[in-house]
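This briefing sets out selected features of one protein chain, grouped by topic. Please read it alongside the sequence and the structure displayed here.

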Amino acid sequence: MLDRVPGEANLYIGGLFTLKRKEALKEASITRVLSILTLPLDEALFEDYKHLSIDIDDDEDADIIQHFPACNAFIREGLEGGGGVLVH
């Protein structure tokens, strides 16, 4: 599923399988994908996008805050460049 974050930004959240919905991603003007997970990824899924992968466990003890500056910069650059960003 591809869900737009409320607001004016072209920012979306979705699951890993959202990457297989190429037409929906195209309609949303997705140009960047931010992945936050520890699973091995099929790089072919990202060939049409600029991709940032954060390797972190989905665990309450994981220090995700340390990744906020890089994630925020990646998202901001994508939005300011006129594209959409998918976070999954």
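Buried means under 20% relative accessible area, exposed means over 50%, and partly exposed covers the values in between. Ile 64 has a relative accessibility of 35%, and therefore counts as partly exposed. The structure is a predicted model. The points below cover its surface patches, its salt bridge and a set of individual residues.

**Surface patches**

- A patch of negative charge on the surface brings together Asp 55, Asp 57, Asp 58, Asp 59, Glu 60 and Asp 61.
- Asp 55, one of these residues, belongs to the loop that runs between β4 (50-54) and α2 (68-80).
- Because its relative accessibility is 59%, Asp 55 is classed as exposed.
- Ile 64, Ile 65 and Phe 68 form a nonpolar surface patch of about 280 Å².
- Ile 64 is located in the loop between β4 and α2.

**The salt bridge**

- How many salt bridges does a search of the whole structure find? The search finds one.
- In a salt bridge, the side chain of Glu 77 meets that of Arg 32, with an N to O distance of 3.5 Å.
- This pair connects distant parts of the chain, since Glu 77 is in helix α2 and Arg 32 is in strand β3 (residues 30-36), 45 residues apart.
- Side chains of opposite charge can pair when their charged atoms come close.
- Glu 77 has 44% relative accessibility and so counts as partly exposed, whereas Arg 32 is buried because its relative accessible area is 11%.

- Leu 2 is part of strand β1 (residues 2-4).
- With a relative accessible area of 19%, which is under 20%, Leu 2 is therefore buried.
- Leaving aside residues up to four places away in sequence, Leu 2 is in contact with Tyr 12, Ile 13, Thr 18, Arg 21, Ala 24, Leu 25, Ala 28 and Leu 86.
- Ala 24, one of these contacts, is 22 residues from Leu 2 in sequence, and the two C-alpha atoms are 7.7 Å apart in space.
- Thr 18 sits in the loop between β2 (11-14) and α1 (22-27).
- The relative accessible area of Thr 18 is 1%, so this residue is buried.
- Beyond residues up to four places away in sequence, Thr 18 touches Met 1, Leu 2, Leu 25 and Leu 86.

- Where is Ser 29 found? Ser 29 lies in the loop between α1 and β3.
- Ser 29 has a positive phi of about 60°, although it is not a glycine.
- Most residues other than glycine have a negative phi.
- At 38% relative accessibility, Ser 29 falls in the partly exposed class.
- Is Gly 83 buried or exposed? Gly 83 counts as buried because its relative accessibility is 6%.
- Residues in contact with Gly 83 are Asn 10, Ser 29, Thr 31 and Gly 78, when residues up to four places away in sequence are not counted.
- Gly 83 and Ile 30 are 53 residues apart along the chain, and their C-alpha atoms are separated by 5.8 Å.

- Ala 9 is in the loop between β1 and β2.
- Ala 9 is partly exposed, because its relative accessibility is 34%.
- Apart from residues up to four places away in sequence, Ala 9 touches Arg 4 and Leu 79.
- Lys 20 has its place in the loop between β2 and α1.
- Lys 20 is exposed, because its relative accessibility is 58%.
- Lys 20 and Ile 56 are 36 residues apart along the chain, with 22 Å separating their C-alpha atoms.

Notes:
Residues are numbered from 1 along each chain as its sequence is written. This is a predicted model: local features need pLDDT of at least 70, side-chain atom pairs count only at pLDDT 80 or more; totals for chains, interfaces and linings use all residues. Side-chain values use heavy atoms; hydrogens and water are left out. Patches are made of residues with over 30% relative accessible area and no salt bridge: like charges are joined within 9 Å, nonpolar side chains (Val, Leu, Ile, Met, Phe, Trp, Tyr) within 5 Å. Accessible areas come from the Shrake-Rupley method with a 1.4 Å probe; for residues, only the protein chains shown count as cover. A salt bridge is a side-chain nitrogen of Lys or Arg within 4 Å of a carboxyl oxygen of Asp or Glu. Lys and Arg count as positive and Asp and Glu as negative; His and the chain ends are not counted. The place of a charge is taken as NZ of Lys, CZ of Arg, CG of Asp or CD of Glu. Helices (H or I, at least four residues) and strands (E, at least two) are DSSP runs, numbered from the N terminus. Buried means under 20% relative accessible area, exposed over 50%, partly exposed in between (1.4 Å probe, protein chains only). Contact means heavy atoms within 4.5 Å.
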